[in-house]
Amino acid sequence: MTAVAELRSVGFEYPAAQASSRTREPFSLREVSLAVEPGEIVGVIGPNASGKTTLIRLFSGLLRPTRGEVLLEGQPLARMTRAAVATRVGVVPQDVPRDFPYTVEELVLMGRFPHAPRRFFESVEDRRVAWEAMGQVGVRGLAGERCDRLSGGERQRVMLARALAQEPRLLVLDEPTAHLDLRYQVECVELLRRLNAEQGLSVVLVSHDLDLAGHLCHRLLLLSEGRAARQGDPEFVLETAALQAAYGCAVAVDRHPVSGRRSVHVVWPEPQTTKGR
């Protein structure tokens with residue numbers, strides 16, 4: 001079976017001028033391989049500056065690898081047009097712009113552009129797909145609202161609807177629950193599971209929430225300093241020694257009392273006490 005998306009021994013290096021200071025070496029991603037199979041949810045975890053955002057940009061074609069190859073449904077991504085990539089990969093970014101002067105419906109309809117990039121007006125089919133996408137994420141009631149008047153959580157759901165309107169084979173999400181309260185986090189997870197189960201949609205989920213990744217994903221990729229530290233099912237990846245080595249802090253891994261899956265907790269340092277007080 002052909003993978004929906006695949007990184008083959010991919011490496012990437014940012015130019016030295018993009019390093020945050022003169023003493024810091026520019027970041028590089030080194031020899032990362034990852035195949036996302038049809039109907040699979042893959043989680044990408046790791047500390048800040050480990051390569052998670054770079055990996056998203058490689059999957060979406062915003063960056064081209066300096067080594068290795070990125071494939072979409074068996075085809076080299078480098079040979080595809082931007083529109084062809086956008087009909088296969090939908091990306092929901094973590095940082096949602098606040099200053100879009102468009103309504104929710106207009107923004108979601110932008111997800112239809114890759115299917116007819118030379119067309120200037122939406123078709124009946126475009127509107128049907130966009131309306132269905134808005135219904136899936138619960139924002140139909142906001143269709144006429146301006147995006148710059150929405151809350152962070154509402155904008156996040158609208159961006160997810162726009163990605164779904166692209167009708168992608170692969171959905172790439174960067175911290176999808178970061179701006180959502182507990183209720184909408186649960187609804188987001190339920191939606192992703194439903195899309196995966198009913199439509200066979202493949203998902204790459206980048207998250208700092210290790211419990212979310214462990215409960216939702218079939219497989220995990222743990223990145224550390226631009227390398228794949230571990231890859232496999234959550235039982236294998238969410239292991240105390242591996243997480244402590246990657247994150248550089250003490251963690252405790254136990255079992256969730258309801259699901260029985262692995263649950264990760266930070267071991268917080270005890271408060272310092274002053275003698276004689």
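**Exercise 1. Find how strand E1 is paired, and place it in its sheet.**

Step 1. Strand E1 covers residues 5–13 and pairs with E2 in the antiparallel sense over 6 bridges. Two strands count as paired if DSSP finds at least two bridges between them. Helices (H or I, at least four residues) and strands (E, at least two) are DSSP runs, numbered from the N terminus. The model is predicted: local features need pLDDT of at least 70, side-chain atom pairs count only at pLDDT 80 or more, and totals for chains, interfaces and linings use all residues. Residues are numbered from 1 along each chain as its sequence is written, and side-chain values use heavy atoms, with hydrogens and water left out.

Step 2. Glu6 stands opposite Ala35 in E2.

Step 3. The open sheet has 4 strands, in the order E2-E1-E4-E5, with antiparallel pairing. Strand E2 (28–36) and strand E5 (75–76) are at the edges with a single partner strand each, so one side of each has no neighbour in the sheet.

**Exercise 2. Decide whether helix H1 is enclosed or open.**

Step 1. List the buried residues (under 20% relative accessible area; exposed is over 50%, partly exposed in between; 1.4 Å probe, protein chains only). In H1 they are Lys52, Thr54, Leu55, Ile56, Leu58, Phe59 and Ser60.

Step 2. Since 7 of the 9 residues of H1 are buried, the helix is largely enclosed by the rest of the structure.

Step 3. Look at what follows H1: Gly61, with a positive phi near 85 degrees.

**Exercise 3. Locate the buried side of helix H9.**

Step 1. H9 (residues 240–247) has Ala242, Leu243 and Ala246 as its buried residues. They cover an arc of only 95 degrees around the axis (taken from the directions from the helix axis to the C-beta atoms), which puts them on the same side of H9.

Step 2. Recall the general rule: an α-helix has 3.6 residues a turn, so residues three or four places apart point the same way.

Step 3. Find the partners. The buried residues of H9 pack against several elements, including helix H7 (210–216), strand E9 (219–224) and helix H8 (234–237).

Step 4. Check both ends. Glu239 caps the N-terminal end, with a side-chain oxygen 3.3 Å from the backbone nitrogen of Ala241. H9 is followed by Gly248, whose phi is positive, near 70 degrees.

**Exercise 4. Name the contacts of Leu171.**

Leaving aside neighbours within four places in sequence, Leu171 is in contact (heavy atoms within 4.5 Å) with residues that include Gly90, Val92, Leu160 and Leu192.

Technical notes: A polar contact is a pair of N or O atoms within 3.5 Å; within protein, one must be able to donate a hydrogen and the other to accept it, and residues adjacent in sequence count only if both atoms are side-chain atoms.
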